[in-house]
Amino acid sequence: MHIPLTLSAGADVPAGAKADAFRHAAEVVTGVLGPATLLGCWGDRAPFDTTPPAWGGPFRRWQRPDRPNCLELSAGEDGPELVLQPKDPAEYWLEELGEAARPITAFLAISRDDPTNDGLGFPGFSTTEDWDEFSDALGTFLATLPTVTRALGVELSIPMHAAIPGTSGPITFHLACGDQLELALYENRCLLTDDALTRLGWLKETTLPSACDHLYDGAELVSHHSAAYGPGAPGASSLGDLLVDTAKAFGIKAPTGLNPHYSADDLGGYRARFYALPHGGYRYADDDVPPPPRAPKVDHEQQLTIAAQAYGAGEDDVAAQALARTAGVMAADTAQRALEAAQRYALARAASGDHVGALRYAEVTLRLPVETGPAELRNADRLRATGASPGARHVYEQLADHPAFALRLLARGRLLASAREAGDKPTARALLEGRLGDIQWHADRPTALRTLRSAAETGVPIALFDLGKRLLHDDEIDEARTVFHRVTELDTGLTCRALFKIGETHARQNDHVGAHTWYLHALEAPGEPDTAALAAVNGTLGGTAKAARDLPEARRRFRAVLDTGDPAHRPWAAAHLAEIAYWTGEHDTAARYYELTLATGTRDPELVGEASYRLAEIRRDAGDFELAERCLLRAADSGHPDFTQQARTLLDTLR
């Protein structure tokens, strides 16, 4: 018989709340029946070969010698539930669990010295010499352990000897879990440096004190510890990898080289058995020769947790280093979370008046992206490597204004690295303050502008340009124009863009003659061609000519955009040329440009919708109904409200 004790919000309730509900229910039952005779966690397999819920598998069982049934408080998907079941099958299933074809893993059994448990059999322990198999089992066990111990109201203390080559197997590791789960490393006697341990994911005790109590008789002081994980926290399972990676780096050859104290866990009259930890075959390795230290892998999930805890403790250097170690992570979600964390910490430090701390996190955001980037960036990297620093800097400056956010960060990171190499502190400061101002922009614009003005005081071109753009955005036209003029006086790759922006300041004040003059100046800017800026200028001039129905001039300007090869502007230029040809009845020319618009790979609903719909009209008029139908289907799927409806209407006439 099952009696669910579910919570009102069901599966959406946090794991910690479900653990608290379980603990409360256990207290109520204990008040009636007395202490449970058996408790623990089912791990990856509950009675009878069912899968425990994702939040954990804690259980408490009450049974009496003279009763055929037992009462069990167990974990359901939505919270605790009471289960009344026959005692004999339950005991038999437990005893035979270790005999199944699939070895038992991630199981925790805590039994009470009680006459009811006399003769109660427990499954035998499985052993393994395979690190991966052990790591998987341990990770499964640890993933929900903080939730389980909170639900059961117990605190686990598990010291582990380690067969480190050249030693007598001292107590080396300690796993503590009550409200939080944490792994500690006692003062170690190995070849790994502090830096190597940090890369593995360990935190120095002297830098950030451990969250749990790791005191144990016969053990040394704690040297390093892991991040701490509470109920439901992602990443708890990563401590299994941390233990395995460290043991392997210490030269321990197999999981049997770790020996936890099973029988030493006195839990108020209860004894614990941990089935996810190594058992049997423990051997010392005094004669083994330790391997040379290896470069450890980085657990990115763990680094995020370390960063959060270090930030909370005010250890910004530790937090920033942990976030920086996620650079190169392939999982886009993890990279985005690292970036968001660094930006969040930067904002908080700036708001508290800690400018140095804010810049520390701003710098982290420039170190996270490690992609090689487009050809322009790779070419600039080669120029920089060959000593052609000014040319490389000009390209980096242009890419620092790129529409793609990740590429902007990449380019600014390169500029920062170049400045640091050259000992150029003003440029480094300007880049960091500019990045901080960018982070602040969406949260507090007045503060962001103050930060950007501070960066611009250095006279660094990219800092001035950033300030000018933000001023223009906020309609501070005159100040923006002054700032852009300052950019044009410097040796920079942003000259063409600054001249174009000066033209925009005139256009915003309806001075179209002045705007046109400065646009033409931009086309004549000295230095290497800035293709993106030239495309933007010609596109603006083409749009003005098209609006004035100066179609020859419009065509000339839009063709010039295509000639730049700039991918951001090519779809729009092709679409404008197609529309002009459509207006003038040059349908073959229009079709070619509409096809070019689609061939650019644009996903803009308006461009895709119009190009597909106009192509369908042209193909229908030419008698090619099959191609017209395909184009209409694409227009109908474009997502643009006007062309979607028109395409569906025209489709009905073709069918």
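1. Strands β8 (residues 171-177) and β9 run antiparallel and are joined by five bridges. Strands here are DSSP runs of E with at least two residues, helices are DSSP runs of H or I with at least four, and both are numbered from the N terminus. Two strands count as paired if DSSP finds at least two bridges between them. The model is predicted: local features need pLDDT of at least 70 and side-chain atom pairs count only at pLDDT 80 or more, while totals for chains, interfaces and linings use all residues. Residues are numbered from 1 along each chain as its sequence is written, and side-chain values use heavy atoms, with hydrogens and water left out.

2. Look at the link between these two strands. A hairpin of three residues connects β8 to β9. Ala-176 has Glu-182 as its bridge partner in β9. Phe-173 has Leu-185 as its bridge partner in β9.

3. Strand β9 also pairs with β11. Strand β11 covers residues 222-225, and its pairing with β9 is antiparallel, over three bridges. Tyr-186 is bridged to Val-222 in β11.

4. Now the whole sheet. Six strands make an open sheet, ordered β10-β11-β9-β8-β7-β12, with antiparallel pairing. At the edges stand β10 (203-204) and β12 (258-260); each has a single partner strand, so one side of each is left without a neighbour in the sheet. Helix α6 (residues 238-249) packs on the sheet and touches β7 (156-162), β8, β9 and β12. The direction of α6 makes about 15° with that of β9. In general, strands of a sheet pair through backbone hydrogen bonds, either parallel or antiparallel.

5. Is β9 covered or open to the outside? Strand β9 (residues 181-186) is mostly covered, with six of its six residues buried. Buried means under 20% relative accessible area, exposed means over 50%, and partly exposed lies in between (1.4 Å probe, protein chains only). Leu-181, Leu-183 and Leu-185 point one way from β9, while Glu-182, Ala-184 and Tyr-186 point the other way. Residues on both sides are buried.

6. Next, the nonpolar cores. A nonpolar core is a set of buried Ala, Val, Leu, Ile, Met, Phe, Trp, Tyr and Cys residues joined through side-chain atoms within 4.5 Å. The largest has 127 residues, and Phe-173, Leu-183, Leu-258 and Leu-323 have the most contacts inside it. Apart from it lies another core of 32 residues, among them Phe-558, Ala-574, Ile-580 and Ala-636.

7. Take Leu-323 on its own. Leaving out residues up to four places away in sequence, Leu-323 touches several residues, including Leu-304, Ala-338, Tyr-345, Tyr-361 and Leu-368. Contact means heavy atoms within 4.5 Å.

8. Arg-61 lies in strand β3 (residues 58-63). Arg-61 is buried, at a relative accessible area of 1%. Consider a helix pair. The axes of α19 (residues 512-523) and α20 (residues 531-547) come within 10 Å and cross at roughly 145°. Axes are lines fitted to C-alpha atoms, for helices over the stretch in contact, and angles run from 0 to 180 degrees between N-to-C directions. The crossing is left-handed. That term applies if the near helix is turned anticlockwise from the far one by less than a right angle; clockwise gives right-handed. Among the residues in contact are His-516 and Tyr-519 of α19, and Leu-534 and Val-537 of α20.

9. Two loop residues deserve a look. Asn-510 lies in the loop between α18 (495-508) and α19. Phi of Asn-510 is near 60°, a positive value in a residue other than glycine. Asn-510 counts as exposed, at 60% relative accessibility. Arg-549 lies in the loop between α20 and α21 (551-564). Arg-549 has a positive phi of about 60° although it is not a glycine. Arg-549 counts as exposed, at 53% relative accessibility.

10. Ala-581 belongs to helix α22 (residues 570-583). Ala-581 is buried, at a relative accessible area of 0%. Not counting residues up to four places away in sequence, Ala-581 touches Arg-555, Glu-586, Thr-589 and Ala-590.

11. Finally, the chain totals. The secondary structure comes to 26 helices and 13 strands. Of the 655 residues in the chain, 51% are buried.
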